[in-house]
Structures are given as C-alpha cells and as structure tokens.
Amino acid sequence: RPLFDRVLGKGETVPDFLLEGETPKAPCVRRVWRESWFPVAGADGRPSGVGAIVQEITEQRRAEERLRFQLDLTKSITDTATTAIFMMDAESRCTFMNPAAERMTGFAFQEVAGGVLHDFIHHHRPDGRAYPVPECPIDRALPEGGEVRDHEDLFFRKGGEPFPV
C-alpha cells in the first residue's frame with residue numbers, strides 16, 4: 001500500500017524493485033519478479049491510476065547465481081595458484097595476471113593492464129638481442145590457432161632482471 005500511495009498520491013515513478021516469494025500454485029517454489037510502477041494520468045492530467053511493468057526473472061536470477069559461483073571459484077583457483085597465469089587479447093594486450101604472475105614479474109596487474117605484455121616482460125632474447133613482437137612465440141600463439149609450445153624462454157622482471165621460464 002505505501003508504494004501505491006507514493007505513485008498515486010505523489011505521482012512518483014517507483015523504478016525497478018524486486019519481489020521474491022512463493023506462488024499459490026507452487027508453494028514450495030521460490031520465484032523472483034522485477035516490478036516498476038508508474039502513475040497513469042487521468043483526463044485532468046493528475047494521477048488517477050497506477051501502471052506496472054512486471055517481469056518474472058527467476059531463471060535469470062538463478063543463472064546469475066550460477067555464474068557468480070563459477071566466477072568466485074575461478075578467482076579462488078587463479079588467486080591461490082603458484083603458477084603464473086597471464087591472459088592477453090587478440091592485440092597482445094594484457095587482460096589478466098594472477099598474484100603469482102605479479103610476484104614473479106614484480107609488476108602489479110594495474111601497471112600492465114591494457115599494455116602489450118611482450119613490451120613489459122619478454123622484450124629481449126636470452127642472448128640480449130631485441131625480441132620483435134612478430135617473432136615472439138607467445139604473441140604468435142593466437143594467430144597460429146592457439147598452438148601451445150613447450151619451450152624454455154626468458155622473461156624480465158620490472159627492474160630489468162631476467163629470469164628463466
């Protein structure tokens with residue numbers, strides 16, 4: 001009743017709010033609805049009724065909960081892994097580093113996020129010569145179909161110190 005009075009009495013719109021409960025036909029099944037109420041004007045222009053948009057979002061809510069669980073699980077795994085995990089997009093920009101990668105390289109993810117990862121940690125060959133991006137096996141993996149190579153290489157920490165990987 002207070003929401004109805006707010007809309008009808010004051011002419012306010014009550015934007016999206018959620019209702020959760022059981023339906024009479026299925027009393028043991030919890031459902032979630034999104035509602036939005038708005039005033040309906042009469043011939044004199046003043047609010048004379050209430051309109052509502054109601055959408056059941058039970059399945060959407062369940063899917064969001066499943067996704068949230070999977071994201072939390074993935075974050076837990078990557079955060080506690082002792083192996084460095086890096087992710088790059090199609091343009092070789094860093095999109096993710098786990099804490100082990102941060103410890104290994106000395107770079108915080110925020111420092112390299114969106115930058116070309118190669119320029120930060122893989123810019124030289126073991127013999128000291130520059131390592132051009134087009135020749136980098138890490139950067140070539142995506143255009144070559146994601147082929148994973150098992151080889152030893154050299155990365156560089158934030159301070160310039162090389163380390164084997």
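Modeller: Accessible areas here come from the Shrake-Rupley method with a 1.4 Å probe, and the model to which they apply is a predicted one.

Colleague: What share of the accessible surface of the protein chain belongs to carbon and sulfur atoms?

Modeller: For the protein chain, the accessible surface comes to about 11100 Å². Of that area, the part that belongs to carbon and sulfur atoms is 57%.

Colleague: Which pattern of helices and strands does the protein chain follow along the sequence?

Modeller: The protein chain contains six helices and seven strands. Read along the sequence, these elements follow the pattern α-β-β-β-α-β-β-α-α-α-α-β-β.

Colleague: How much of the protein chain is made up of buried residues?

Modeller: A residue counts as buried when its relative accessible area is under 20%. The protein chain has 165 residues, and the share of them that is buried is 24%.

Colleague: Is His-118 buried or exposed?

Modeller: His-118 is found in helix α5, which covers residues 117-121. Because its relative accessible area is 3%, and the cut-off lies at under 20%, His-118 counts as buried.

Colleague: Which residue has the backbone oxygen that the side chain of His-118 reaches?

Modeller: Leaving aside neighbours within four places in sequence, the contacts of His-118 include His-123, Pro-132, Val-133, Cys-136 and Asp-139. At 2.6 Å, the side chain of His-118 reaches the backbone oxygen of Tyr-131.

Colleague: Where does Lys-158 lie, and how far is Lys-158 from Ala-108 in space, C-alpha to C-alpha?

Modeller: Lys-158 has its place in the loop between β6 (154-156) and β7 (162-164), and at 46% relative accessibility this residue counts as partly exposed. Not counting residues up to four places away in sequence, Lys-158 touches Thr-105, Gly-106, Phe-107 and Glu-111. Although Lys-158 and Ala-108 are 50 residues apart in sequence, their C-alpha to C-alpha distance is 9.5 Å.

Conventions: Residues numbered from 1 in each chain as written. Predicted model: local features only at pLDDT ≥ 70, side-chain atom pairs only at ≥ 80, totals over all residues. Heavy atoms only, no water. Helix = DSSP H or I, 4+ residues; strand = E, 2+ residues; numbered from the N terminus. Buried < 20%, exposed > 50% of the residue type's maximum accessible area, 1.4 Å probe, protein only. Polar contact = N/O pair within 3.5 Å; in protein donor to acceptor, adjacent residues only side chain to side chain. Contact = heavy atoms within 4.5 Å.
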